[in-house]
Amino acid sequence: MSEEHETNGRWFDTALSRRNVLRGGVLAGAGLAAAALVGCGDDDDDEPAATPAAATPAATATPEPTPTAMAADPSTGMLAAPGNPKRGGSVTTSYWARLGNFDIYHGGHRGIMSQAYDSVVRLNPLDGLKTVIPALATGWEISPDGLDYTFSIRDGVQFHDGAAMTSEDVAMSLRRHIALGEFADGGEFAPGENNRLPSRYATQLDYVAGANAVDANTVSVKLSTPRGYFLQMISAPQVAVYSEQHIKADPIDLTADAAPGTGPFVFQEYRPEELTRFTKNPNYWNPELPYIDELTMLHTVQWADRANLILGGQAHYANIVPKDFYEDRESFADRAGVAQHDGTGASLTFYLNNVKPPYNDERVRRALFLAPNRPGLIEVYSESMSLAGSRWVSDSTYSATPLDRIQQIVGYRGEDEEAIATAKQLLSAAGHADGFDGGTLVTNTNQAHSEILAPAFQAELRSKLGVSVVVDPRDGSGRTDQLNNGGAEGFDMVLTVHFRAPVISEFVTGWKDAIRSGGARNYGNYSNAAVDELINSIDEELDIDAKLEQYGRAMDMLDQNPPFYVVAFTKHNAMFSNDLKGHMEEIRGFTEEGTWDLFWLDK
Amino acid sequence: MSKYIARRLLLGIPTLFGISLVIFASIRIIPGDPTAVESDVGAAVFTEEQQQQLREILGIDRPLHIQYLEWVGGLLRGDLGESFVASTPVIEIVRNRGPVSLQIGVMAIAIGWLMGIPLGIYGAVRQNSAGDYLSRFFAVLLLAVPAFLMGLVIIIVLVIWLQWRPPPIYQHFWDDPVVNLQMTLGPALVMGVNIGAVFARVTRSSVLEVMSSEFVRTARAKGLTERRVLTGHVVRNSIIPVVTISGLALGGLIGGAVAVERAFLVPGLGLSLVTGVNSSDWPLIQSLVFLYGVSFIIVNILIDISYVFIDPRIRTG
């Protein structure tokens, strides 16, 4: 592995080529310094499929959780919370998401659905979400060419209505999720006929050629091209397994009612825009879990409200609270704690319209890339939310460039006279020696965006390049509407968080959406054949060293011909009452929006 | 009386028609495409093809007049449509959240009356006294401070000093009166004192006006006590402006005081409407606004009817 990547580590698909390619690492947590991570360890064919990562911190150590002696065996999917978990009680969480509907295929929010539904695999919460471990599958085999996945399906799993889960339930759920258009009744998926909403996940899995039940305990999935991150893509909470019976009853639309799942919790009550309530599944396939009797997920939009609910004793957990609470955590340490980690891999990005003058000129985009003081922008915004500076990928992925290396690269160095001079030369060559009218900078009405970051960027452009933009705050759909209007007469610039990756550890999944020509989130219509070629190559590459080399080349190209301006990647601060255990926030790598089956109350 | 009511209801129809046209047109003019909104921030978005598919499914690709007629037809059948985002019938949202806003609204009006009317009468009777100046001072102060700000301060004080916060999960009064009142008393109080300040000012000026009337002078000349003059003649004749304002205030409160609901995390209709606007949830927006129009008309008819009982000189014929 190249030296510049050795201090970055996240996991890679642990089942890739049937070996455990572990990238141990200590993840950012509350009060911890960013630790140097394990470098490119040698592949070890003899390692078990999933083992908690060994942390090798450069600074303060994060104590590894000690699984209970009784039940924890991540390699079999049998998890248990560390310590001596107590049973019973009711936990209330304060969560930004709302359920929407009961069909994950149609946008039923996965963070809520994942309490009641499982997938074949999941990310291991006991190691901070570093490795993929079994769930409804007990194990899997991958062909040497990476095209065939064979899952062994767990015996004795029941749906909430008591029906036994079979391999056909799994296969059909996967097919439906992938939207292959093949259902048990032989019907084709027919848009416009008796359906409601198209799948939001179809484009993420367009390389999957089929999913079939081979026998009672085996499901075979075939890919048209290999993907090293496939298991992460189908891990909970991305996928929900429904019963074949319910899918056959209505292949298209399961939005209206909660179909039985196999998860640790059972739907009890849903109040739109307000809450979703679950009770414990007494017949969960992992007899150790869950510990709590009831889970209520409140839909709380404002971040500060979530924290206040915890401080007021009305909630136990919130996965995103304002940074202020993280910084003031000592003042209420007798009641609650706050931890910091990666968010959902989202970034703060100024999208540019690549087909509209003057942003259609590569030199102009490069100038806008060079001149602004990126660390300064991060510092300004960090008053309201924690950010992590990085370079085209989330900072904690294995492909991220180390921060000290980034800070040497022109365009990332902060106040840089050389970079500004180069930017001015580029603008001059493009015919804008005195700057230009940059049009409108659309942002949402979130105060941190519209009143802090957007004006800061505006000031940078004006003062350094003579580029003037007008900040235009718009509510939710108004801003999204602008993003979808990326033609020659469309938007000029939009500040958004849409540049993100479905699989954070494999950020090419985000590049496919936002940078590759024709990508669903390539709102600015960026088109660069060389970058496209590299993205496709990285996406299919299985050798990690080759991937890293290609990531590096792609980042160099993107620096020279950027599609947009990435400020930084967001960090989240999760808050929890002191009596809530099993949340693993101190070691959690990112905001997973996954199952909270390890929660327990220490009272 | 029944003719009067029938006439008022019939007159309400063109008003409602106008409201429906305005709201239908407005939400289609303002920026925002429902299909462009992601409900799941972390997942993939719709492609252009899928968005078109979605428009067909949601029926928003059809001609505007067809959409309007379908919506109005649904309203006449009691079908308020289905929320794009919540995938829930709007009527269900109204059923869940309407009682919350209604209860808080009624409580707020009651608190406003209990506070504002006595204060206003006192100020008028003791005009230019120290007590009058003090009551006017507080009335202006309460008018100047936004209700939501008061609410936020109360919440922060409760959380930080008392480590207590109203329960976040709504319970109907008949299910759990204690939790219900814990949740609704705060917003009702905050809005009640705000409205009460208005009532106090209006009552004071109305009472002063009535007290200077000839019939009041006659009453005093007949030897009635001041108390009897006040209760028997002045109050009843000065209450109509207060009743009028109460009707207007209640109509607005039923729609939900958004900022106060936000401060107290109360799941009322106001927050629903804001969420709907943010998400371009057209069925939710247009049906809720239409319902507000209906509630305003009904409340004002009730107010007009009440005039007849308050002041017999007013006839409905």
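1. In this predicted model, strand 5 (residues 148-153) and strand 7 (residues 218-223) of chain A run antiparallel and are joined by 5 bridges; two strands are said to pair if DSSP finds at least two bridges between them. Strands (E, at least two residues) and helices (H or I, at least four) are DSSP runs, numbered from the N terminus. Within this pairing, A:Y149 stands opposite A:V221 of strand 7 of chain A.

2. These strands belong to an open sheet of 4 strands in chain A, whose order is 4-5-7-6 and whose pairing is antiparallel. Its edges are formed by strand 4 (137-142) and strand 6 (208-215) of chain A, each of which pairs on one side only. On average, and with direction ignored, neighbouring strands of the sheet are turned by 20 degrees against each other, where axes are lines fitted to C-alpha atoms, for helices over the stretch in contact, and angles run from 0 to 180 degrees between N-to-C directions.

3. Helix 2 (residues 167-178) of chain A packs on this sheet and touches strand 5, strand 6 and strand 7 of chain A, a contact being heavy atoms within 4.5 Å. The direction of helix 2 makes about 170 degrees with that of strand 6 of chain A.

4. Chain A averages 82, and 84% of its residues score at least 70. Over residues 1-69 of chain A, however, the pLDDT stays under 50, and the model has 169 contacts beyond four places in sequence for them. Residues 180-197 of chain A are also below 50, with 39 contacts beyond near neighbours in sequence.

5. Chain B has 13 helices and 0 strands, and its C-alpha trace spans about 85 × 60 × 35 Å along its principal axes.

6. The whole structure holds 13 cavities of 30 Å³ or more; a cavity is a set of points, on a 1 Å grid over the protein atoms alone, where a 1.4 Å probe fits but cannot get out, and lining residues have an atom within 4 Å of a point. The largest cavity has a volume of about 200 Å³, a volume being the space filled by probe spheres set on the points. It is lined by 20 residues, of which A:L123, A:Q238, A:P502, A:V503 and A:F590 lie nearest its centre.

7. On conventions, residues are numbered from 1 along each chain as its sequence is written, and chains are lettered from A in the order in which they are written. Local features need pLDDT of at least 70, while totals for chains, interfaces and linings use all residues.

Notes. Predicted model: local features only at pLDDT ≥ 70, side-chain atom pairs only at ≥ 80, totals over all residues. Heavy atoms only, no water. 1 Å grid on protein atoms, 1.4 Å probe; cavity = no way out; pocket = protein on both sides within 12 Å on 5 of 7 lines; lining within 4 Å. pLDDT = per-residue confidence, 0-100.
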